[in-house]
Amino acid sequence: MNLDIGLDIIGNFGATVPEMHGQISRIDGNLIDVKWSNGSLHYITAEDIRNDYCDSNLIGFYINPFK
């Protein structure tokens, strides 16, 4: 899976804020910064990003398959 700056990410958080949309803003080795559409930053690892959004209903971070 290729992770590049600008890649669209969907965060499925469940509960009160079910989904957020953002983009990868920085990659530092295995550490990824995601800047969400509301301006907030979230720090995750590359292993946290999945590519099965359409087949999964799990809480997590996904590559946006619609972009």
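The predicted model contains an open sheet of six strands in the order 4-3-2-1-6-5, with mixed pairing; two strands are taken to pair if DSSP finds at least two bridges between them. Strand 4 (41-45) and strand 5 (49-50) are the edge strands, each pairing on one side only. Strand 2 (residues 19-28) and strand 3 (residues 31-36) run antiparallel and are joined by six bridges. In this pair, D28 stands opposite L31 of strand 3. Residues are numbered from 1 along each chain as its sequence is written. Because the model is predicted, local features need pLDDT of at least 70 and side-chain atom pairs count only at pLDDT 80 or more, while totals for chains, interfaces and linings use all residues; side-chain values use heavy atoms, with hydrogens and water left out.

The protein has six strands and zero helices, and its pattern along the sequence is β-β-β-β-β-β. The radius of gyration is 11 Å, close to the 11 Å given by the globule rule for 67 residues, so the protein is as compact as a globular protein of that length. Here the radius of gyration is taken over C-alpha atoms, and the globule rule is 2.2 Å times the number of residues to the power 0.38. Helices (H or I, at least four residues) and strands (E, at least two) are DSSP runs, numbered from the N terminus. Taken along the principal axes, the C-alpha atoms fill a box of roughly 30 × 25 × 20 Å.

Of the 67 residues, 34% count as buried. With a 1.4 Å probe and protein chains only, buried means under 20% relative accessible area, exposed means over 50%, and partly exposed lies in between. The protein exposes about 4,300 Å², of which carbon and sulfur atoms supply 51%; accessible areas come from the Shrake-Rupley method with a 1.4 Å probe, and for residues only the protein chains shown count as cover.

The largest nonpolar core is made up of eleven residues: L3, I9, M20, I24, I32, V34, W36, I44, I49, F61 and I63. At least two residues of this core come from each of strand 2, strand 3 and strand 6 (60-63). Strand 3 gives the most, with three residues. A nonpolar core is a set of buried Ala, Val, Leu, Ile, Met, Phe, Trp, Tyr and Cys residues joined through side-chain atoms within 4.5 Å. Leaving aside neighbours within four places in sequence, the core residue I63 is in contact (heavy atoms within 4.5 Å) with M1, L3, L7, D8, I9, I49, R50, N51 and Y53. Among contacts between residues at least 6 apart in sequence, 33% join residues at least 24 apart.

Three salt bridges are found in the whole structure, each defined as a side-chain nitrogen of Lys or Arg within 4 Å of a carboxyl oxygen of Asp or Glu. D52 forms one with R50, the closest N and O atoms being 2.7 Å apart. D52 is partly exposed at 24% relative accessibility, and R50 is partly exposed at 29%. The R26 side chain meets that of D33 at 2.8 Å, N to O, and that of D28 at 3.9 Å, N to O. R26 is partly exposed at 42%, and D28 is partly exposed at 44%.
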